[in-house]
Amino acid sequence: MREKIVDPRIQYINDLFAEEDETLKDVYLAAQEINKEGIQVSPYEGKILQFLIQLSKAKKVVEIGTLVGYSAIWMARALPKDGKLYCLEKDDKNAEIARGFFEKVGLSHKIELKVGDALTSIEEIQTDGPFDMVFIDANKAAYEEYLDWAFENIASEGVIVGDNTFLFGNVLRDEPEKGISKNQFSAMKAFNQKLADHPNFTSVMLPTAEGMTVGVRG
Ligand code: SAH
Ligand code: MG
């Protein structure tokens, strides 16, 4: 997530490694119009997603939680010509804005946007798997279910990424703070624990402002 007051070190990384072009600036503004700009990944996190795609030579990527397309555009740009990004988004208004951007910037041929609850959409896209990367960035209470699906549908050297996995610092606590449900709390703790413990994954949390847990299979 984009910090309101950007740490000067993060600003340095954003400026040097993750400069936004006009498209990404427009997507940011579109999110701002619906008061959702703060829940998109930051520029350097977009670049981390690109980096992971390139490093793992990912061709088929699933994004769970697209909002208006900011992180999706970072990822789609890193995919090869025959690559494909499945974007799963529950809210049809968000999806409509995202679709408009994907068309405008010439990425729609690489992106399949599915509107609806991701728990349903993941079942529908399953036959297109296995997937090289799964990026989880939606409703926190379902993170464990998304992870279990990803374990079943990830390619042999694939990467699983979960965003916001510090749960605003709550994963460090024994009980959730006010505003965080028990379901969100237990799902996020389980998400990190399962990736940490899985014998077939090399995993770590990147200590971004919000926490980004990554695991590579193999
Ligand atoms: N990845 C985006 C931000 C996603 S914000 C970016 O960084 O640019 C989280 C999104 O998840 C919201 O748009 C919300 O509508 C969506 N979402 C919440 N619950 C969902 C569900 N059950 N299925 C699919 N999407 C969901
Ligand atoms: Mg996020």
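Colleague: How are the donor residues of the magnesium ion (ligand 2) spaced in sequence?
Modeller: Their spacing is D-x25-D-N. This is a predicted model, in which local features need pLDDT of at least 70, side-chain atom pairs count only at pLDDT 80 or more, and totals for chains, interfaces and linings use all residues. Residues are numbered from 1 along each chain as its sequence is written, chains are lettered from A and ligands numbered from 1 in the order written, and side-chain values use heavy atoms, without hydrogens and water.
Colleague: Which protein donors does the ion have?
Modeller: D137 (OD), D163 (OD) and N164 (OD1) lie 2.0 to 2.2 Å from the magnesium ion. Donors are N, O and S atoms within 2.8 Å of the metal (3.2 Å for Na, K and Ca); water is not among the atoms, so sites may look incomplete.
Colleague: Are D163 and N164 buried or exposed?
Modeller: Both are buried, meaning under 20% relative accessible area (1.4 Å probe, protein chains only).
Colleague: Turning to ligand 1, which polar side-chain atom lies 3.2 Å from a nitrogen atom of it?
Modeller: That atom belongs to D117. An oxygen atom of ligand 1 is also 3.2 Å from an N or O atom in the N94 side chain, and a nitrogen atom of ligand 1 is 3.1 Å from a polar backbone atom of K90.

Terms used: Polar contact = N/O pair within 3.5 Å; in protein donor to acceptor, adjacent residues only side chain to side chain. Buried < 20%, exposed > 50% of the residue type's maximum accessible area, 1.4 Å probe, protein only.
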